[in-house]
Amino acid sequence: MPANPQLDAQGRLRHLLSIEGLPRETIERILATAESFAGVTERDIKKVPLLRGKSVFNLFFEPSTRTRTTFEIAAKRLSADVINLNIALSSQTKGESLLDTVANLSAMQADIFVVRHASSGAPYLIARHVKPHEHVINAGDGRHAHPTQGLLDLYTIRHYKKDFASLTVAIVGDIAHSRVARSLIHGLNTLGAREVRVIGPQTLIPTGVEALGVRVFHDLRAGLREADVIVMLRLQNERMSGALLPSAQEYFMSYGLTPERLALAKPDAIVMHPGPMNRGVEIDSAVADGPHSVILPQVTFGIAVRMAVMSIVAGGA
Amino acid sequence: MTALPDAEALLPALAAELRARLGPQTAMIGLYTGGAWLAERLHAMLGLSVPLGLMDIAFYRDDYARQGLKHDPKRTRIPFDVEGRDILLVDDVLYTGRTVRAAMNELFDYGRPRSIALVVLADRGGRQLPICAQHVGARLELPEDKRLRLRRDADGRLRFELEDAR
């Protein structure tokens, strides 16, 4: 078995690249630490001095508003200096290689790189080449992983539902292209969720996905029955152009979450969405804004979770 | 081997000393973990009406760069407005003074207290910072390679324990 590139020889978390391969204790430690940071984010002064003097570089090779902003807020609440680089618009278009870009930023004395990239594995490549005191956090790579989103999803579920062992979690939508789904499935399995279901049309569910430890449903109604947690995925518009889907309207007819369909789940079910939402495509406004929705708390929790990840990877010699 | 003080036996005298300084703005904050146990006891003995605050200074420690973040930081909960209060800051053992410095830094992120007094069950000397306690249960000298810890038994009784420092 190859060494886990996220952990050092002592088993400490040095980079966060994927939830896959993280020991259960590490996930639980991140969630428990985030819980303490949630207390900080409720104060008037929402700042602690942990990362004072450290520099966090947000390297976004792919556009994102929410994820980049929450990483920036998290870093600032840890007293770090934050530098945002929207690289889609700069060096890459001039032909600079990924590792050259990182080497240049390293020469500017970076401590943490937060990386989003359209190519799966890009954060791994960077993590293999950074200096020992530099840390890499994957903020979404291709179709592969989005570990901080997965962790904030786990945090949200734990916040409302406590015990994973009794939970049925239904993930609905474009499983095939979703790094969010992949990260969450690994996390739920590691924490011992009772059942993880993926629901979607055949064209959007990868073959062999059962190997990840999930039950596949193509009928939304059947899949929602008795679910404790429903995670709606964003239907990316670009999928619509190909042969994968007929139209947004038809998708909503079959897989949109409406109040009537939500009623099939447990009475106290929670509805999550990683954002940004397409109202009327994957989710009805009445559900998105309804009493079961925890979509906005997810965003708030995401800050505490990212504070926890940054302060755990960057701590210690 | 130094004889350790009897933690339970120190409590009544310490509580009596604190009672003399209670005022309308007095509030108590205990530092996790030992200081929180001690503060729970003192808070009850004094019958303070302002609810007890509990603080974990993990996010304010000065050795983060060397030691990293401790494993299970508790959530700091201060259920009263710090502004204008006379704070009794409670810890089990006073040693280098670094914990107290961190606690004061965290406390000021909640507001500006009128005063802070430090209450400890044991002062073992060895200060590395200009910090002293106003209320001390017992004073003792210990070698540097020993760590003095407060323990709480299953029945809630407090006792001191000596460990080898790591």
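A:Glu35 and B:Arg75 join their side chains in a salt bridge, with 2.9 Å from N to O. The model is predicted. Chain A and chain B share five salt bridges in the count. Ten residue pairs are in polar contact across the interface, with both residues at pLDDT 80 or more.

Which elements give two or more residues to the side of chain A that touches chain B? They are helix H1 (24-40) and H13 of chain A. H1(A) gives the most, with nine residues.

The size of an interface is often given as the accessible area lost when the parts come together. Here are the values for this one.

| Item | Value |
|---|---|
| Area buried between chain A and chain B | about 1700 Å² |
| Part of that area on carbon and sulfur atoms | 54% |
| Residues from chain A in the contact | 24 residues |
| Residues from chain B in the contact | 20 residues |

In chain A, three residues lose the most area to chain B: A:Arg29, A:Arg43 and A:Leu50. Together they make up 33% of what that side buries.

Now the cores. The largest nonpolar core has 91 residues. A:Phe37, A:Leu154, A:Ile171 and A:Met310 have the most contacts inside it. Helix H13 (residues 295-313) of chain A gives the largest share, ten residues. Why does this core lie between domain 1 and domain 2 of chain A? Both domain 1 (24-146 + 300-313) and domain 2 (147-298) give residues to it, so the core lies between them.

A:Phe37 touches residues of both chains, including A:Leu50, A:Met307 and B:Phe59.

Technical notes:
Residues are numbered from 1 along each chain as its sequence is written. Chains are lettered from A and ligands numbered from 1 in the order in which they are written. This is a predicted model: local features need pLDDT of at least 70, side-chain atom pairs count only at pLDDT 80 or more; totals for chains, interfaces and linings use all residues. Side-chain values use heavy atoms; hydrogens and water are left out. A nonpolar core is a set of buried Ala, Val, Leu, Ile, Met, Phe, Trp, Tyr and Cys residues joined through side-chain atoms within 4.5 Å. Buried means under 20% relative accessible area, exposed over 50%, partly exposed in between (1.4 Å probe, protein chains only). Helices (H or I, at least four residues) and strands (E, at least two) are DSSP runs, numbered from the N terminus. Domain bounds come from an automatic or database domain assignment. Contact means heavy atoms within 4.5 Å. Buried area is the accessible area (1.4 Å probe) that two parts lose on being put together, summed over both. A salt bridge is a side-chain nitrogen of Lys or Arg within 4 Å of a carboxyl oxygen of Asp or Glu. A polar contact is a pair of N or O atoms within 3.5 Å; within protein, one must be able to donate a hydrogen and the other to accept it, and residues adjacent in sequence count only if both atoms are side-chain atoms. Lists of a residue's contacts leave out its neighbours within four places in sequence.
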